[in-house]
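Let's take a quick tour of the charged pairs in this model, with a stop at a helix crossing on the way. Have the structure open while you read.

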Amino acid sequence: MRLPLIIALVLAALVTASLCIGAASLFAGDLDAGFLIATSRFPRTAAALLAGMGLALAGVVVQQSVQNRLVEPSLIGTPESAMLGLLAITLAWPGAPIWIKMCSGALAALAGMAGFLGLARALPRHDPMLLPIVGMIYGGILMAVGLWLAWVTDLMQYLGTWRLSEFSGVVQGRYELLWGIAALAVLLYLVADRITLLGLGETQARSLGLNYGQTRALGLGIVATIIALVVVTVGTLPFVGLVASNIVSRWRGDNLRANLPVIAAFGAGAVLAADILGRLIRYPYEIPAGTIFAVAGAGIFLWLLNAAPARAHD
Amino acid sequence: MIEVSNLSYSAGQAQILRDISLTIPQGGITAIIGPNGAGKSSLLHCIAGLLTPSGGQVRIDGLDPFDAPHRDRARAVALLQQTPRIATRLRVRELVAFGRWPHHGGRPGPEDARLTEEALATFDLTPLADRSLETLSGGQRQRALVAMTWAQSAPWLLLDEPLNALDPKYARDLMERLHDLTRPAPEQRSVVVVIHDINAAAGWADRVIALKDGEIGASGPCNDIMTPATLHAVFGMAFDVIDHKQRPVVIAR
């Protein structure tokens, strides 16, 4: 069977399951199934797919940009930076429209990544694990600043919704911003070769005629926007980018022209599966998809640390 | 022809290259030799337009590598850096095909595919074409990288220590291949290569540029440079030079 067909079948099965599973039964007849699907189940399913796709793509772009496959946005403080931007705009302009908040989050995420790249330049490159460790400390510091700021300004509740992804609150009218990720995914696909070239390292990529600085800025700009979109609509999910891009890379290599769609589909499917699992484990109560993914993702991350020795960087 | 005039390069406080002027005529192999820290690699990167000099200028067949659009520059000069850190998992054919990127910018045509296959064949990589770079030995990977640089079809090929990971047989094969490909027929390209192994330079180079402390210690035809007096002046140690099949062989005394 061809790969696209298999991917389509798996995603279709997950989507069907997601539309059917929930606290209320579609088939009990005491409510309008069409209405339920249109206002709640479909938005929730689409939100999980879009967020998963975006986070997976963001992961691979960050990895290519720093030539280290043990990092992803949530391991280098990007969601935390976005949250700081969201806190700042919420304080400065409480009634701002959501897209303004999103822009503030994206700019802060970009600044946060620039800060991390500055730190990364000072690090010796022989040990690939140094980068995620420093990134986690950096993210921890940013989060501490965010927590303090939210605490003294009584915004802890906001921070809570941004910190852990949860799809149960997604209804029609409250997730549509996420469709922006679909547009960004198309844009990334158009520059897939350039993102692959980033992975060859600055000197070699420039020798091949790539405008390295511009390409990296474009890639990280897309990452910042994706992260801000995800944080502001459903909250951040750790490890998606790390898991999706590493598994696809081990399986099919890093030629992104061929593999970006596979990575996107993998991320989308994995997050939707985590959300479905979260609905089933303690039915009819729910466990947030972010929690499910954090547990599974941490395990896979540990496996990668052990299974990816020198090759991760050499 | 590569023309370098009054080129200087500093990294932070350290002045790496001082007021270098040289011309490299088309064709053949030009080797840049010199002690560690003499600035060989910096000179190569400056010529390729990848390091910005603090003064002076570079012209590659009349083109200013610092001013030209990136892809124009990449079609005029191709550089392979010393042991590049390739974290990316690519197959050999995918890597070599990226050599064509400055020509097609993302939309490869049949000509690009043909030249990719030709580069693979030129460096005996056709049997390895579908292997992942990760599964190759250091020497095979180095050949794949040289083939990628070759596929760039630039008239000037700049190689920084290409023999580093190679055992003697592959080192000889590569230099022999480059030697043949830089003759007037069938296709004349020009190779500038940084080599720390004096005998690799002595054995294959047509011309030699010897750097010392960021300046040109000596430059000229290989046989003129490979003399005990000149080598002593550049490396600060005594050498014997003997003749073997019309090529100089340098022995540290």
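Lys169(B) and Asp173(B) pair up in a salt bridge, 2.9 Å from N to O, where the term covers a side-chain nitrogen of Lys or Arg within 4 Å of a carboxyl oxygen of Asp or Glu. They sit four residues apart in helix H7 (residues 168–181) of chain B, so about one helical turn separates them. Asp173(B) has a relative accessible area of 17% and is buried (under 20%; exposed is over 50%, partly exposed in between, with a 1.4 Å probe and protein chains only).

This is a predicted model: local features need pLDDT of at least 70 and side-chain atom pairs 80 or more, while totals for chains, interfaces and linings use all residues. Residues are numbered from 1 along each chain as written, chains are lettered from A and ligands numbered from 1 in written order, and side-chain values use heavy atoms, without hydrogens and water.

| Pair | N to O distance |
|---|---|
| Lys169(B) and Asp173(B) | 2.9 Å |
| Glu118(B) and Arg114(B) | 3.0 Å |
| Arg100(B) and Asp112(B) | 3.0 Å |

Arg100(B) is in the loop between helices H3 (92–98) and H4 (101–104) of chain B and Asp112(B) in helix H5 (residues 110–122), so their bridge ties together parts 12 residues apart in sequence. Both are buried. Glu118(B), by contrast, is partly exposed at 34% relative accessible area, and Arg114(B) is partly exposed at 42%.

Over all chains, the salt bridge count is 20. Over in chain A, Arg44(A), Asp275(A), Arg279(A) and Glu286(A) are linked in a salt-bridge network.

Technical notes: Helices (H or I, at least four residues) and strands (E, at least two) are DSSP runs, numbered from the N terminus.
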